[in-house]
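Please look over the sequence and the 3D view below.

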Amino acid sequence: MAAEVNTASAGAPVDGAKGPPALHVAIVMDGNGRWAKSRGLPRTLGHRAGVEALKRTVSAAPKLGIGRLTVFGFSTENWSRPATEVAELMALPKRYFETDIARLEREGVRVRVIGRREGLSAELVKIIEGAQARTAHNTVFNLDIAFNYGGQADIVEAARRFAKAVAAGEARPEDLNEVVFASHLATAGSPPPDVIIRPSGEQRLSNFLLWEAAYAEFVFQDVLWPDYGAEHLQAALAAYAARDRRYGAVVADDVLAAG
Ligand code: IPE
Ligand code: MG
């Protein structure tokens with residue numbers, strides 16, 4: 001059976017709506033630099049155009065049956081880029097929330113920024129916390145922005161948190177299982193992504209959602225992120241809908257055929 005995609009719930013609150021469950025889509029927003037280079041522009045302008053693509057994608061998503069979006073905005077490895085580029089990337093959440101937080105709040109989007117706060121300026125942390133607080137009551141759509149995030153670092157931190165609980169006598173080693181472990185990750189409270197999209201032609205995970213990606217379907221697209229829009233998201237969901245998700249099991253027909 002092909003994966004279910006709910007395209008019928010356009011505009012309706014996706015959580016609790018009838019029909020197939022709302023999808024969780026994760027996106028590695030990639031290709032800003034190449035987009036800028038192809039136009040003879042500085043990379044920083046590619047990142048600004050990338051924010052516009054994020055706005056388009058967030059507004060298209062609920063109409064396509066998506067209830068949750070997790071996007072990769074800045075990886076713990078991106079600190080190694082030139083200082084001017086890092087500064088531009090650090091300015092992006094402010095740029096995004098300044099223009100869009102009122103709309104996100106109005107449209108029922110709950111915003112969460114996942115990743116380490118260490119290394120971020122006090123001003124940026126305040127902006128992030130403010131955006132989260134302002135939308136904390138929203139339930140229509142979830143937007144998780146991974147910023148200063150690394151999948152391996154997050155797994156290590158989860159292990160450390162559990163180890164501390166054991167050391168404090170609050171948990172026993174045998175209490176640890178996949179569900180408990182996941183509750184210590186930055187993505188706690190979010191179901192795993194159904195599909196992970198990476199535009200720009202690259203075909204790798206780049207330390208994004210390592211644990212959470214266990215059974216995700218991958219869709220790679222040849223468009224650069226600043227050019228991304230509703231039609232690309234729709235095409236990615238069509239590719240996802242044609243996939244056969246088995247979670248390590250076999251489909252019923254094959255069980256019968258095996259006799
Ligand atoms: C994605 O675009 C933005 C971040 C990784 C922060 P890139 O900056 O990676 O663009 P390319 O890959 O150089 O084209
Ligand atoms: Mg890149």
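Asn148 counts as buried, because its relative accessibility is 3%. Buried here means under 20% relative accessible area, exposed means over 50%, and partly exposed lies in between, with a 1.4 Å probe and protein chains only. Asn148 sits in strand 4, residues 141-149. Its phi is near 60°, a positive value in a residue other than glycine. Most residues other than glycine have a negative phi.

Asn207 also has a positive phi, about 70°, and is not a glycine. Asn207 belongs to the loop between strand 5 (195-198) and strand 6 (217-220). With 14% relative accessibility, Asn207 counts as buried. Helices (H or I, at least four residues) and strands (E, at least two) are DSSP runs, numbered from the N terminus.

## Basis of the model

This is a predicted model: local features need pLDDT of at least 70, side-chain atom pairs count only at pLDDT 80 or more, and totals for chains, interfaces and linings use all residues. Residues are numbered from 1 along each chain as its sequence is written, chains are lettered from A and ligands numbered from 1 in the order in which they are written, and side-chain values use heavy atoms, with hydrogens and water left out.

## Buried side chains and their partners

Which residue does the side chain of Lys55 join through a polar contact? The partner is the side chain of Thr99, at 3.0 Å. A polar contact is a pair of N or O atoms within 3.5 Å; within protein, one must be able to donate a hydrogen and the other to accept it, and residues adjacent in sequence count only if both atoms are side-chain atoms. Lys55 is in helix 2. Lys55 counts as buried because its relative accessibility is 15%.

Gln221 lies in the loop between strand 6 and helix 7 (230-241). Its relative accessible area is 11%, so Gln221 is buried. The side chain of Gln221 reaches the backbone oxygen of His232 at 2.9 Å. Ala236 is part of helix 7. At 0% relative accessibility, Ala236 counts as buried. The C-alpha atoms of Ala236 and Gln221 are separated by 7.7 Å, although the two residues are 15 apart along the chain.

## The ligand site

Ligand 1 sits in the largest pocket. A pocket is found on a 1 Å grid over the protein atoms alone: an open set of points where a 1.4 Å probe fits, with protein on both sides within 12 Å along at least five of seven lines. A molecule sits in a pocket if more than half of its atoms lie within 2 Å of the pocket's grid points.

There are 13 residues around ligand 1, and Asp30, Gly33, Arg34, Arg43 and Arg81 come nearest. Near means that a heavy atom of the residue lies within 4 Å. By class, the shell has 2 nonpolar, 6 polar and 5 charged residues. Helix 1 (32-38), helix 2 (43-60) and helix 3 (83-106) each supply at least two of the shell residues. Helix 1 gives the largest share, 3 residues.

## Contacts to ligand oxygens

A polar side-chain atom of Arg81 lies 2.6 Å from an oxygen atom of ligand 1. For Arg43, an N or O atom of the side chain is 2.9 Å from a ligand oxygen. Gly33 uses its backbone: an N or O atom there lies 2.9 Å from an oxygen atom of ligand 1. Taken alone, ligand 1 exposes 380 Å², and the protein buries 86% of that. These areas come from the Shrake-Rupley method with a 1.4 Å probe.

Technical notes
1 Å grid on protein atoms, 1.4 Å probe; cavity = no way out; pocket = protein on both sides within 12 Å on 5 of 7 lines; lining within 4 Å. Nonpolar A, V, L, I, M, F, W, Y, C, P; charged D, E, K, R; others polar.
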